Amino acid sequence: MAVIITIANEKGGVGKTTTAVNLAAGLSLFLADQPGINNRILLIDMDPQGHALLATAFGEHDAPPQQSLSALLVESPPPSIQRLLRTSVHHPNLYVVPSNRAAMVDASRVLPTLMANESRLNQVLRQVRNQFAFIIIDTPPNTGDLLVNALVAADHIIIPVEPSYLGVSGLRELQNTIEQVRLHFNPDINILGYLPTICEEQRIEVREILEQLEQRYPHQLLGPIHKASDLAYAHSSHMDIFTYKPPRQRQPGQLASSSRATKEYGDLVETVIQRTLT
Ligand SMILES: Nc1ncnc2c1ncn2[C@@H]1O[C@H](COP(=O)(O)OP(=O)(O)OP(=O)(O)O)[C@@H](O)[C@H]1O
Ligand SMILES: [Mg+2]
């Protein structure tokens with residue numbers, strides 16, 4: 001039964017997609033060598049901009065998908081998710097459901113008018129939950145039905161945090177949304193952790209924020225992920241960091257690093273496995 005992890009923060013540009021793509025790719029790589037366990041990973045792209053999919057599944061020149069996640073969310077009964085699954089070009093055990101910007105924008109308009117509009121994704125994922133080890137969901141940068149669907153479906157949430165005073169004070173809105181989802185739909189939803197991203201360690205403000213986060217969330221602080229040009233280059237080359245800068249030596253249970261970003265996302269992968277599977 002897949003562990004479902006939603007990557008969420010209503011603030012834009014904080015590293016949600018980068019984290020979703022690299023966590024999904026890292027889990028695929030890490031679990032690929034583990035004998036005897038289900039090693040299939042599914043990446044769901046709830047962001048109408050579809051960056052997660054671009055980065056992992058397609059080469060630059062591929063046409064945008066015709067049928068996509070939006071059909072699963074709004075059609076009754078939904079089409080089979082099985083037929084929509086595509087494999088990443090970089091990892092044979094990483095699957096994605098294509099997302100199409102225009103269709104997702106339409107879906108977010110139509111969803112509020114539908115029955116059970118908060119739990120449509122949850123129902124769709126139930127069809128395939130036993131086929132995957134992890135399902136990772138990337139979310140759009142606003143509050144709305146797409147985010148709520150991703151929270152209702154989740155076992156765990158990872159919250160990428162921009163290391164600024166504004167970024168930290170803005171967390172309250174998301175925490176309130178999560179509390180509402182816990183109250184009405186998903187009593188077991190768990191905040192797996194807060195992940196400071198795009199950290200510039202030489203800035204005093206960043207160091208202060210990291211200390212503040214450590215005091216506030218001593219058992220839930222992940223990372224941090226530092227600002228790294230490798231991550232931006234990997235993204236624009238339609239690759240995850242493990243493909244762009246592969247780990248140099250890999251032993252079972254370890255992703256050794258060739259770049260700091262590979263090491264930091266590799267550490268996140270290991271922490272996620274420890275906290276969810278063991
Ligand atoms: N650690 C990092 N170091 C350097 N650049 C990064 C890092 N993490 C993300 N980026 C870059 O920052 C930009 C925003 O990241 P990303 O798209 O992951 O954020 P997002 O939260 O998904 O944004 P949106 O809310 O618009 O969906 C991208 O260009 C990405 O390549
Ligand atoms: Mg994004």
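This report describes the sheet, the nonpolar core and the ligand shell of a predicted model.

The model has an open sheet of 7 strands with mixed pairing, and the strand order is 3-4-2-5-1-6-7. At the edges lie strand 3 (86–87) and strand 7 (190–196), each of which pairs on one side only.

Within the sheet, strand 2 (residues 41–45) runs parallel to strand 5 (residues 134–138), and 5 bridges join the pair. Ile 41 is placed opposite Phe 134 of strand 5.

## Nonpolar core

The largest nonpolar core contains 74 residues. The members that touch the most others are Ala 24, Ile 41, Ile 136, Ile 137, Ala 150 and Leu 151. Helix 1 (residues 16–32) gives this core its largest share, 8 residues.

For Leu 151, leaving aside residues up to four places away in sequence, the contacts are Thr 6, Ala 8, Ile 157, Thr 177, Ile 178, Val 181, Asn 186 and Ile 189.

## Shell around ligand 1

Ligand 1 is surrounded by 18 residues, of which Gly 12, Lys 16, Thr 17, Thr 18 and Pro 141 are the closest. By class, the shell is made up of 8 polar, 7 nonpolar and 3 charged residues.

Two helices, helix 1 and helix 10 (229–236), each contribute at least two residues to this shell.

How values were computed. Residues numbered from 1 in each chain as written. Chains lettered and ligands numbered in written order. Predicted model: local features only at pLDDT ≥ 70, side-chain atom pairs only at ≥ 80, totals over all residues. Core = buried A, V, L, I, M, F, W, Y, C linked by C-beta atoms within 7 Å. Buried ≥ 20, exposed ≤ 12 C-beta atoms within 10 Å, placed from the backbone. Helix = DSSP H or I, 4+ residues; strand = E, 2+ residues; numbered from the N terminus. Contact = placed C-beta atoms within 7 Å. Pairing = 2+ DSSP bridges. Near = placed C-beta within 6 Å. Nonpolar A, V, L, I, M, F, W, Y, C, P; charged D, E, K, R; others polar.
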